[in-house]
Amino acid sequence: VQLQASGGGLVQSGGSLRLSCAASGRTFSSDNMGWFRQAPGKEREFVAAINWSGGRTYYADFVKGRFTISRDNAKNWVYLEMNSLKPEDTAVYYCATRSIAGFPSGTYAYWGQGTLVTVSS
């Protein structure tokens with residue numbers, strides 16, 4: 001399984017971005033997916049996750065109401081729509097798949113390379 005995240009960039013506070021993650025592999029539609037982020041000097045943290053069918057979503061408290069995760073199993077894509085961005089959302093965002101343990105915020109087997117999101121004040 002390979003993951004390729006994209007869509008990061010520089011945005012002003014209050015703005016929006018849409019991150020995308022392209023997944024390869026025959027089992028994409030049967031795998032849970034997650035987004036994590038790591039800010040400079042901080043530990044990686046869970047942001048959002050979606051189950052294999054897209055029927056259930058999960059969010060960290062600090063993004064609830066602002067971020068939306070979705071997936072397109074026909075095209076092997078997962079998305080993170082980010083609205084009302086804040087400077088503290090600045091981080092490298094990673095997509096991950098195939099939850100091993102502790103879904104939704106636990107351990108995943110495969111990770112993308114990350115895409116940088118910078119929110120200016």
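This is a predicted model: local features need pLDDT of at least 70, side-chain atom pairs count only at pLDDT 80 or more; totals for chains, interfaces and linings use all residues.
A pair of aromatic rings is described by the distance of the centres and the angle of the planes. A search of the whole structure returned six aromatic pairs. One of the pairs is formed by F36 and Y108, whose rings are arranged edge-to-face, with 5.4 Å from centre to centre and 80 degrees between the planes. Since F36 belongs to strand 4 (residues 33-38) and Y108 to strand 10 (residues 107-111), this pair ties together parts that are 72 residues apart in sequence. Both F36 and Y108 are buried. Another pair is made by W77 and Y79, the ring centres of which are 6.1 Å apart while their planes meet at 5 degrees, so this pair is stacked.

Several features of the backbone were examined next. Most residues other than glycine have a negative phi, and most peptide bonds are trans. In this model, the peptide bond that joins F103 and P104 is cis, with omega at about 15 degrees, and P104 is located in the loop between strand 9 (91-101) and strand 10. A positive phi of about 60 degrees was found for N76, although N76 is not a glycine; this residue is placed in the loop between strand 7 (67-72) and strand 8 (77-82). S84, which is likewise not a glycine, has a positive phi of about 50 degrees and lies in the loop between strand 8 and strand 9. With a relative accessibility of 41%, S84 counts as partly exposed.

The side chain of T115 reaches the backbone nitrogen of G8 at 3.0 Å. When residues up to four places away in sequence are not counted, T115 touches A5, S6, G7, G8, L19, A91, V92 and Y93.

Empty space inside the model was considered last. Rolling a probe the size of a water molecule over the atoms shows where empty space is left. The structure holds one cavity of 30 Å³ or more, and about 30 Å³ of space lies in the largest cavity. The lining of the largest cavity is made up of V1, A23, S24, G25, T27, F28, D31, T97 and R98. Strand 3 (17-24) and strand 9 are the elements that give two or more residues to this lining.

Terms used:
Residues are numbered from 1 along each chain as its sequence is written. Side-chain values use heavy atoms; hydrogens and water are left out. Rings of Phe, Tyr and Trp (its six-membered ring) pair if their centres lie within 6.5 Å; planes under 30 degrees apart count as stacked, over 60 as edge-to-face and the rest as tilted. Helices (H or I, at least four residues) and strands (E, at least two) are DSSP runs, numbered from the N terminus. Buried means under 20% relative accessible area, exposed over 50%, partly exposed in between (1.4 Å probe, protein chains only). A polar contact is a pair of N or O atoms within 3.5 Å; within protein, one must be able to donate a hydrogen and the other to accept it, and residues adjacent in sequence count only if both atoms are side-chain atoms. Contact means heavy atoms within 4.5 Å. On a 1 Å grid over the protein atoms alone, a cavity is a set of points where a 1.4 Å probe fits but cannot get out, and a pocket is an open set with protein on both sides within 12 Å along at least five of seven lines; lining residues have an atom within 4 Å of a point. Grid points are joined across faces, edges and corners, and a volume is the space filled by probe spheres set on the points.
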